[in-house]
Amino acid sequence: MKQMIKKVLGALLVASLTIFSLNSQAADDGAKVVYHVDFKDPTRYSATLTSINNIINFYESELMEADVHLVFVGYGLRFTTDDELKGTPYQADKDLLDRRNELKGRLDALINVRNVKVHLCDKTRDEVGLPQAKVYKGIQFAPSGVAKIAILQSEGYAYLKVQ
């Protein structure tokens, strides 16, 4: 009888550890996110920054490490520089100019305080002749923004884009 109880308890222990391990792995995988910004609307971009903060707050409340990337492509270039991009399809409009300092500060906090990894499509930047030095500090250059997103997705990152 004692032998049977030991076997049952041993089996329960192994099952519990297996379930705990699977849950931990699922949680770890869920903490990998890539956001995509290829639009020009400052309000939508502001909502993206809010979403990033919200997801990081959630992960922290669950005692999980959040690995968050933000990739700018096309019109997203507008949110990575103080240059007005005059004469380009990405030229800053009044709405962006009115909100630029606020949006820049929020992005800076995500990079420097929340450890969000930010990437700019270097093809987009090069297309309009914007020098790399005019891009905000902390932003990395990806040879191709969409390729960066695809690579991150292949590594298990969830793809998010605020609509």
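This is a predicted model: local features need pLDDT of at least 70, side-chain atom pairs count only at pLDDT 80 or more; totals for chains, interfaces and linings use all residues.
Two packed helices are described by the angle between their axes and the distance between the axes. For α2 and α3, the angle is about 15° and the axes lie 10 Å apart. Angles under 35 degrees count as roughly parallel, so α2 and α3 are roughly parallel to each other.

Which residues make the contact? The table lists them for each helix.

| Helix | Residues in the contact |
|---|---|
| α2 | P42, T43, Y45, S46, L49, T50, I52, N53 |
| α3 | D95, L96, R99, E102, L103, R106, L107, L110 |

By class, the contact of α2 with α3 has eight nonpolar, four polar and four charged residues.

**The cores**

The largest nonpolar core holds 32 residues. Y45, L70, F72 and L107 touch the most other members. Five elements are listed as giving two or more residues to this core: β1 (32-37), α2 (42-61), β2 (67-72), α3 (94-112) and β3 (117-121). Which element gives the most? It is α2, with six residues.

Y45 is also part of the helix contact. Beyond its neighbours within four places in sequence, Y45 is in contact with V37, F39, F72, F79, L103 and L107.

A second, separate core has seven residues, including V34, V71, I149 and L152.

Technical notes. Residues are numbered from 1 along each chain as its sequence is written. Side-chain values use heavy atoms; hydrogens and water are left out. A nonpolar core is a set of buried Ala, Val, Leu, Ile, Met, Phe, Trp, Tyr and Cys residues joined through side-chain atoms within 4.5 Å. Buried means under 20% relative accessible area, exposed over 50%, partly exposed in between (1.4 Å probe, protein chains only). Helices (H or I, at least four residues) and strands (E, at least two) are DSSP runs, numbered from the N terminus. Contact means heavy atoms within 4.5 Å. Axes are lines fitted to C-alpha atoms, for helices over the stretch in contact, and angles run from 0 to 180 degrees between N-to-C directions. Angles under 35 degrees count as roughly parallel, over 145 as roughly antiparallel, 65 to 115 as roughly perpendicular and the rest as oblique. Ala, Val, Leu, Ile, Met, Phe, Trp, Tyr, Cys and Pro count as nonpolar, Asp, Glu, Lys and Arg as charged, and the others, Gly among them, as polar.
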